[in-house]
Amino acid sequence: MAGVVVFPQAAALFGSVPLTLTQWGIVAILALLPLPICEMQKRILSRTAKVKNMTSGVKKRVIFNK
């Protein structure tokens, strides 16, 4: 797949052309977009887990038999 971009003969065969600066900007934004989305998801999940742990836990008492 990378050979299509690297080798001019392959680029001619597949009809690929160089990207403009605007197109590279779009590629960069779309490539980096999952990072903040995943970080927000992790933050939300960790907050909901903390709340769940705080509200759902009745501490268990350990009773030792003698």
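Predicted model: local features only at pLDDT ≥ 70, side-chain atom pairs only at ≥ 80, totals over all residues.
Student: Ok, and in what order do the elements run?
Tutor: Starting at the N terminus, the order is α-α-α-α.

Student: Which residues form the nonpolar patch on the surface?
Tutor: The patch is made of Ile26, Leu30, Leu33, Ile37, Met40 and Ile44, and together they have about 600 Å² of accessible area.

Student: Which helix gives the most to that patch?
Tutor: That's α4, with three residues. Both α3 (21-32) and α4 (34-56) supply at least two residues each.

Student: Take Leu30 then. Buried or exposed?
Tutor: Leu30, which sits in helix α3, is exposed because its relative accessible area is 56%, and the cut-off for exposed is over 50%.

Student: Switching to charges: how many salt bridges does the count come to?
Tutor: The count is one salt bridge. Lys42 pairs with Glu39, and their closest N and O atoms are 3.0 Å apart.

Student: Where do Lys42 and Glu39 lie?
Tutor: Both are in helix α4, three residues apart, which is about one turn of the helix.

Student: And why is Glu39 called partly exposed?
Tutor: Because Glu39 has a relative accessible area of 46%, and partly exposed covers the range between under 20% for buried and over 50% for exposed.

Note on methods: Residues numbered from 1 in each chain as written. Heavy atoms only, no water. Helix = DSSP H or I, 4+ residues; strand = E, 2+ residues; numbered from the N terminus. Patch = residues over 30% accessible without salt bridge, like charges linked within 9 Å, V, L, I, M, F, W, Y side chains within 5 Å. Areas by Shrake-Rupley, 256 points an atom, 1.4 Å probe, with all protein chains shown as cover. Salt bridge = Lys/Arg side-chain N within 4 Å of Asp/Glu carboxyl O. Buried < 20%, exposed > 50% of the residue type's maximum accessible area, 1.4 Å probe, protein only.
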